[in-house]
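Please keep the sequence and the three-dimensional view at hand while reading.

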Amino acid sequence: MAEEAMFDFIHMEAVSYVFQGGEKISEDEAISKLEHMGFATGYRLVERLTRESGRYKDELDIMKYICKDLWVTVYKKQIDNLRTNHQGVYVLHDNRFRFLSHMAAGKQYLQYAPRYLAFTCGLVRGCLANLGVTCVVTAEVTQLPACKFQIQVQRG
Amino acid sequence: MAVAGNYYFAIVGHHDNPMFEMEFTPANKEPKKEDHRHLNQFIAHAALDLVDESMWTTGNMYLRLVDKFNEWYVSAFVTAGRIRLICLHDVKNDDGIKNFFMEMYETYIKHSMNPFYTPNSPIKSPAFEKKAHFYGRKYLTG
């Protein structure tokens, strides 16, 4: 149980550390740094986590693995909804995202929410990259603590 | 009953680059001619296409025998992160090779968690080599 709190606190600190540059660092640069941290983490993490779960041949199987196993391992819950247009775009709905659930419920702090999603976007992108899927991951929040992650697979 | 055989083991990364190579020969045999080394790499590289092909047909990590060249058999093992472990051998030793692959997979995972190791780069750790020697002697050359 203790490691859940650890992860929350380290993530909070990472976000505030990256943003502490003040005027010298722009919002985009800082978010980009967090995303890159998530990417490197996800790349190595998935090598370790897929030890027991075997290999996946299908892109949809890989997405389901992300929604179920990966989310349970990292955030202790599953993704609530997965939608796809079967043409390379997947949307993951999380109705109670762990990092946002401690902040507010509703529209307060909406402008700061992207900072707390950047690491997760990178994490998903890194995991998919090591599993063979090149993609772009973006996040969208309309009302805390629910959020949507959109995965766009680069093909061709 | 341990059948003496020669083995060549290689770990291949995402860009078909060799990350680690090692040869195992039985202890009692005298060293063979040196010009067989480059042939091993050639055979392993040629087998990569067949590994990629059979990778999509099965969900297992251990792909068993994928290719044969003259007297060399090629067995392969692919991880979820698409790291390919290739083993060239001249005697059939399915169980031993499967155990060896599983142990090397575990060793590789532990090594990949080292923050100073960049994924897909050559593995130069002496501890890794020692482990490979140990498992090779335990499961392959007996």
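Which backbone oxygen does the side chain of B:Asn17 reach? In this predicted model, the side chain of B:Asn17 reaches the backbone oxygen of B:Asn120 at 2.8 Å. B:Asn17 itself is located in the loop that joins β1 (7-12) to β2 (18-24) of chain B. When neighbours within four places in sequence are left aside, B:Asn17 is in contact with B:Ile11, B:Val12 and B:Asn120.

The report now turns to the nonpolar cores. In soluble globular proteins, nonpolar side chains tend to be buried together.

| Core | Size | Residues included |
|---|---|---|
| Largest nonpolar core | 45 residues | Most contacts inside it: A:Phe97, A:Leu100, A:Leu128 and A:Ile151 |

A:Leu128 is one of the residues with the most contacts inside the largest core. Not counting residues up to four places away in sequence, A:Leu128 touches A:Ile62, A:Met63, A:Ile66, A:Val133, A:Cys135 and A:Ile151.

Finally, two helices of chain A may be considered as a pair. The axes of α2(A) and α5(A) lie 6 Å apart, and the helices pack at an angle of about 40°. The two helices α2(A) and α5(A) are therefore oblique to each other, and their crossing is right-handed.

Conventions: Residues are numbered from 1 along each chain as its sequence is written. Chains are lettered from A and ligands numbered from 1 in the order in which they are written. This is a predicted model: local features need pLDDT of at least 70, side-chain atom pairs count only at pLDDT 80 or more; totals for chains, interfaces and linings use all residues. Side-chain values use heavy atoms; hydrogens and water are left out. A nonpolar core is a set of buried Ala, Val, Leu, Ile, Met, Phe, Trp, Tyr and Cys residues joined through side-chain atoms within 4.5 Å. Buried means under 20% relative accessible area, exposed over 50%, partly exposed in between (1.4 Å probe, protein chains only). Contact means heavy atoms within 4.5 Å. Helices (H or I, at least four residues) and strands (E, at least two) are DSSP runs, numbered from the N terminus. A polar contact is a pair of N or O atoms within 3.5 Å; within protein, one must be able to donate a hydrogen and the other to accept it, and residues adjacent in sequence count only if both atoms are side-chain atoms. Axes are lines fitted to C-alpha atoms, for helices over the stretch in contact, and angles run from 0 to 180 degrees between N-to-C directions. Angles under 35 degrees count as roughly parallel, over 145 as roughly antiparallel, 65 to 115 as roughly perpendicular and the rest as oblique. A crossing is left-handed if the near helix is turned anticlockwise from the far one by less than a right angle, and right-handed if clockwise.
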